[in-house]
Amino acid sequence: MTAYLDPRTGQTWPLETPRWRGDDGQPLLLTDLPGITRESIDASAPGLWRYASALPFRPRDPIAMGEGRTPLLRRSVAGFEALLKCEWLMPTGSFKDRGASVMLSLLRDQGITAVLEDSSGNGGAAIATYAAAGGMRARILVPDSTSPAKTVQSRAAGAEIQLTPGTRQDCADEALRQGNDPSSGFFYASHNWHPFFLQGTKTLAYELWEDLGFEAPDAVVIPCGAGSNVLGCDIGFGELLRAGAIPRLPRLYAAQPAHCGPLAREAMGLPPEAPRPTIAEGTAIAQPIRPAEVLGALRRSGGGGVLLEEAEIAEAALSLARQGIYVEPTCAQAVAALGKLAADNRVRAGERVAVILTGTGLKATPRYAEMLGIGAV
């Protein structure tokens, strides 16, 4: 039986009782699932729900809006023939729709009707939108210094926006407090904390496998903040390996900004550094909650980390835009990382290398204006 799992101690809890962390405040995963083969794919189901047999349980009525089944484009980038996975072509404009759709569908099946999240960016927008689509209430906590423009998408979806005094960490602390308070009336459905979210991001691995004729790529280059796509790929490809559907794991590479890249730095054996502002703000997570698990995924796959300077990230974003691919600088850094990996011979000509592009450039208009030198917009 599938259960919640503390990966550090092996302690488990029954899945039937909704929870988002362990008794001692630790982040959880799920116990290993067996994975599926191509015969278990439901070709009649929309988007990522074709892989519903790979989930811990199948929700009776999934909250689905066409998420998943994003294009895989073959393009020459950074002097390398790559496969660009266009995750920004989702209902809310980012890869987080995978996790939000699956997490909220499973939680709603367990009787959860009101959810709490702390994020002024893609995570908050995805939770607010899918909660609205599923008839659930949503409260999104953001620092009180957050630009109103960053919460418009969540507000438009009907979410309650709670401005929290202080820093982003103060906001996270308040979310943890409310998440532990049953009287709040909200369940903490955090895209960073809840293991059901990773069950959504793991469908990326299944989709790449199907995109490539039911074969794994040789390597996957992933923009990484807290690491949900790294962990999703690790879980998904691990299940495919367990099911005998692939012979080996693809190498996973985490791309992070040099200004705030704690996971990549540790993977590369570099000493920690104090975080600095970066244009790759979606991956600027100074204290990710699952560092051991993310680093374990990178090492287990034979991959590693890549650090990108600000100029390299900006150049990659503008280069993609001039090929008609308008994505956030946050994910354009994966293309910059591919160039470094190729130069270091960590990926080689002839290999099938997927580069994950996670968010639309439409959410980064001020950043592009800044990079283009055209002033505020």
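The side chain of Thr 146 reaches the backbone oxygen of Pro 143 at 2.8 Å. This lies inside the cut-off for a polar contact, a pair of N or O atoms within 3.5 Å; within protein, one must be able to donate a hydrogen and the other to accept it, and residues adjacent in sequence count only if both atoms are side-chain atoms. The model is predicted: local features need pLDDT of at least 70, side-chain atom pairs count only at pLDDT 80 or more, and totals for chains, interfaces and linings use all residues. Residues are numbered from 1 along each chain as its sequence is written, and side-chain values use heavy atoms, with hydrogens and water left out.

Thr 146 sits in the loop between β7 and α3 (152–156). Helices (H or I, at least four residues) and strands (E, at least two) are DSSP runs, numbered from the N terminus. The relative accessibility of Thr 146 is 15%, so the residue counts as buried. Buried means under 20% relative accessible area, exposed over 50%, and partly exposed in between (1.4 Å probe, protein chains only). Leaving aside neighbours within four places in sequence, Thr 146 is in contact (heavy atoms within 4.5 Å) with Ser 120 and Thr 151.

Strand β7 spans residues 137–143. Six of its seven residues are buried, so the strand is largely enclosed by the rest of the structure. Strands pair if DSSP finds at least two bridges between them. Strand β6 (residues 114–118) runs parallel to β7, joined by five bridges. Here Asp 118 stands opposite Leu 141. From β6 the chain passes through helix α2 (residues 122–133) to β7, a right-handed β-α-β crossover. Right-handed means that, with the strands pointing away from the viewer, the path from the first strand over the helix to the second runs clockwise. Five bridges also link β7 to strand β8 (residues 160–164), again parallel. In this pairing Pro 143 faces Thr 164.

Zero disulfides were found in the whole structure, taking a disulfide as a pair of cysteine sulfur atoms within 2.5 Å. The closest cysteine sulfur to that of Cys 224 belongs to Cys 260, 11 Å away and therefore too far for a bond. Cys 233 is likewise in no disulfide; its nearest cysteine sulfur, in Cys 224, is 11 Å away. Cys 224 is buried, at 0% relative accessible area. Cys 233 is buried at 1%.

The unreviewed UniProt entry annotates residues 64–359 as "domain: Tryptophan synthase beta chain-like PALP". Over residues 64–359 the chain is 40% helix and 18% strand. The end C-alpha atoms are 19 Å apart.

Definitions and conventions. UniProt positions are given in the numbering used here, feature names are shortened, and annotations may be inferred rather than shown by experiment.
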